Amino acid sequence: MAEVFGIVVGAVGLAAAFTACVDCFEYVQFGRHFGRDYQTDLLALNCSRLRLSRWGQAVDILNDPKMGRPDATSEQIQTVKDTLYQILVLFADSEKTSQQYTTGEDLSVLSSDSMDSTFLALNNKMRELAIKRQKRSNILKITQWALYRRSEFKNLIEGISTLIDNIEKMFPAPQAQATLVKQEATELHDRGALELVQSAAEGVDSLLQNAAKEALSGHRYLNVLIKGRGQSGDVVSSDWHGKAVGASHLFNGVVVDAGGEALIGNQYGGKGFWDD
């Protein structure tokens, strides 16, 4: 049977296959030919990793083999496993390409020492968010390898994006994903970091790109009529200890009926609007 990084097709469960895919991102390095673009490309790769981990958590892949669909057939579940396996194959193909370069070429790689502090902190945070969503495993038989040409990176990132598109369509979880991506944008609370993510996520993770854009620009509340009590916009639990970012909100045509109460935008801690 086919084997990739020590994993035999059909020999591991769904959760293990997912964890192996998220793990694989950890082993990709970039050759010195990438220069300063290395930082942006690494960030795009981390956007892809975060997107995959977000989908996995949204469908509860580590605990629910039917991924939130009680009616899911064994064939549909197997298709997801096969798709995850194909992500591993993409990584394996890039590793094989890396091994074809000769020692006479410049095979030196870029490291975190080459990164600006903002990029380094952002990549570490995104890595941390993704790792939280997987079970730690040692099933991969793998060492680090490097991408030496931009075409190799493009093929890898586009192939992974297409495969994630497929599993998101097969087992969609839009509400859970929307909640999770807002939490991610909140975690990436630095304005400079959000601007970098908005740019790097283009074509890779539209949810994260839009969440970063919204966090930077604020909300728009137009022609809102509230009767009784109502809440719209940002709410964070009362134990919130982090920062909150975003431009000021735009209010136009907001009407609160007589005797009504409203919270429109923001609230990060303290006594909650609904606690009275």
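Five residues of helix α6 are buried (under 20% relative accessible area, with exposed over 50% and partly exposed in between, using a 1.4 Å probe and protein chains only): Q177, L180, V181, E184 and A185. Seen down the axis of α6, these buried residues fall within an arc of 145°, so they line one face of the helix. The arc is taken over the directions from the helix axis to the C-beta atoms.

This is a predicted model, in which local features need pLDDT of at least 70 and side-chain atom pairs count only at pLDDT 80 or more, while totals for chains, interfaces and linings use all residues. Residues are numbered from 1 along each chain as its sequence is written, and side-chain values use heavy atoms, with hydrogens and water left out.

**Whole chain**

- The protein chain holds eight helices and eight strands. Both are DSSP runs numbered from the N terminus: helices are H or I with at least four residues, strands are E with at least two.
- Of the 276 residues in the protein chain, 42% are buried.
- The accessible surface comes to about 14,300 Å², and carbon and sulfur atoms hold 49% of that surface. Areas come from the Shrake-Rupley method with a 1.4 Å probe; for residues, only the protein chains shown count as cover.
- Take the contacts (heavy atoms within 4.5 Å) between residues at least 6 apart in sequence: 85% join residues at least 24 apart.

**Helix α6 (174–187)**

- The 14 residues of α6 should span 20 Å at 1.5 Å a residue, and the end C-alpha atoms are 20 Å apart, which agrees. The expected span is 1.5 Å times one less than the number of residues.
- Q175 and K182 are exposed on the other side of α6.
- The buried residues of α6 pack against α2, α4, α5 (150–170), α7 and α8.

**Helix α4 (residues 117–131)**

- In α4, F119, L122, N123, M126, L129 and A130 are buried. Their arc, seen down the axis of α4, is within 125°, so they line one face of the helix.
- Packing partners of the buried α4 residues are α1, α2, α6, α7 (191–200) and α8 (206–217).

- Helix α1 (residues 14–24) is mostly covered, with 10 of its 11 residues buried. Among them are F18, C21, V22 and D23.
- N46 sits in helix α2 (residues 37–58). N46 is buried, with a relative accessible area of 10%.
- Leaving aside neighbours within four places in sequence, N46 is in contact with N123 and M126.
- E195 belongs to helix α7. E195 is partly exposed, with a relative accessible area of 42%.
- The C-alpha atoms of E195 and Q209 are separated by 9.2 Å; the two are 14 residues apart along the chain.

**Second largest pocket**

- The second largest pocket has about 400 Å³ of space. Lining it are 18 residues, of which E26, V28, Y38, L42 and S112 are the closest to its centre.
- A pocket is an open set of points on a 1 Å grid over the protein atoms alone, where a 1.4 Å probe fits, with protein on both sides within 12 Å along at least five of seven lines; lining residues have an atom within 4 Å of a point.
- Grid points are joined across faces, edges and corners, and the volume is the space filled by probe spheres set on the points.
- α2 gives the most to the lining, with five residues. β3 (28–30), α2 and α4 each supply at least two.
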